[in-house]
Amino acid sequence: MFKFMKRTIAFLVVSTLAFGLVGCGNVANGRRIIRISHGQSETHPDHLGLLAFEEYVESRLGDKYDVQIFPNELLGPSVKAIELTQTGAIDFVVTSTGNLETFDNIYQIYSMPYLFDSVESYHKVMDNKELTDSIFKSTEAAGFEAVAWFEAGSRNFYAKSPIKTPEDLVGKKIRVIENPANVRMMELFGAAAAPMSFGEVYTAIQQGVIDGAENNELALTNNKHGEVAKHYVYNQHQMVPDLLIGNVKFLNSLSKEERAVFDEAAKKATEVERSKWDEQVKKAISQSKTMGVNFIETDVQAFKEKVLPLHKELLSKNPKLKPIYEKIQEINNQCKEVK
Ligand code: GCU
């Protein structure tokens, strides 16, 4: 029923946007409607960050802009929502960098397994404006750019049966975000990749179409995957951020003063989102345990060895990654030295 309602709403909104009603559909009571899409529930840190964005923009420019947030993939799965943002049918979407590789392959950098040596190094890289700007602006010609990053934790495997060592992955069918780097990573792990959109994962596990998936702990509770997959292993193969991306034409249409408000709102969104992250992960772990999820500690090195060759492979196929990769290694090393 919920799925049907979701599809109907998505169809109505998207068809309204697509059939040339964009002009009047974008303005209500004299205010320009700003539509933001994301795939998480309304309690997820991404949504809370976006509420801060809305609050900041509307408290300063509320007579001109009405920010509307559409959670739960209401406007469609990530890739569809990116396309809507690209054409300007909607204005912003929060998406994983994993979905952006098809728009510019510079985003492949984040799919490299075990790219960051520590959470500290990951955060340092993401807060390095010089470094991220070169990535975030790469899709300008494609019609969108990233204006903020959101924490999305570490990605780990979870499945119907326990995965304790990399050998336990052999022959398993595991859902990944839809991109070639992920497919190759699963191949190196000895598993079969099942690329599909996030919203399809629950049913696919439940119906046995796949054996499991990989994500941060919040997927177990916010997306209820813990109901159908009871074994979560801390192998930590990726730290993949979410990004808030916006339509370039819309961003460029703003006056300098307005743009400054939107930029500050994006910063606030990141601050709020990140401030909620750790506490929500803790909550998700304890909730998952009451759902019967078993958390497994493992030898991370054993998993790492299987997929490290992917670094070289991606670097040689996609030379654009090299300068960023080297800078990240520098930051990895700096973080080690401080310890
Ligand atoms: C995380 C991430 C989402 C992403 C999802 C996925 O939940 O925050 O942006 O879509 O993983 O695996 O697709």
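**Aromatic cluster.** I looked up which residues group by their rings: Phe53, Tyr65, Phe92, Phe250 and Phe262 form one aromatic cluster. I note here that the model is a predicted one. Searching the whole structure, I get 17 aromatic pairs.

**Where the pair sits.** I traced both members along the chain. Phe92 belongs to strand S4 (residues 92-96), while Phe250 belongs to helix H10 (residues 248-253). The pair thus links distant parts of the chain, 158 residues apart. Are Phe92 and Phe250 buried or exposed? I find both Phe92 and Phe250 buried.

**Charge over a ring.** I also checked Tyr56. Arg60 lies over the face of Tyr56, 3.7 Å from the ring centre.

**Ligand surroundings.** Next I listed what surrounds the ligand: Gln40, Ser96, Arg155, Arg175, Ile177, Phe198, Asn215 and Asp242. Ser96 in this list falls within the residue range of strand S4 (residues 92-96).

I went through side chains with a polar atom by a ligand oxygen. For Arg155 the distance is 2.7 Å. For Gln40 I have 3.1 Å from a polar side-chain atom to an oxygen atom of the ligand. In Asn215, a side-chain N or O atom is 3.1 Å from a ligand oxygen. How much of the ligand's accessible area does the protein cover? I record 94% of the 320 Å² that the ligand has on its own.

Key
Residues numbered from 1 in each chain as written. Predicted model: local features only at pLDDT ≥ 70, side-chain atom pairs only at ≥ 80, totals over all residues. Heavy atoms only, no water. Phe/Tyr/Trp six-rings, centres within 6.5 Å; stacked < 30°, edge-to-face > 60°. Helix = DSSP H or I, 4+ residues; strand = E, 2+ residues; numbered from the N terminus. Buried < 20%, exposed > 50% of the residue type's maximum accessible area, 1.4 Å probe, protein only. Lys NZ or Arg CZ within 6 Å of the ring centre and 35° of its normal. Near = heavy atom within 4 Å. Polar contact = N/O pair within 3.5 Å; in protein donor to acceptor, adjacent residues only side chain to side chain. Areas by Shrake-Rupley, 256 points an atom, 1.4 Å probe, with all protein chains shown as cover.
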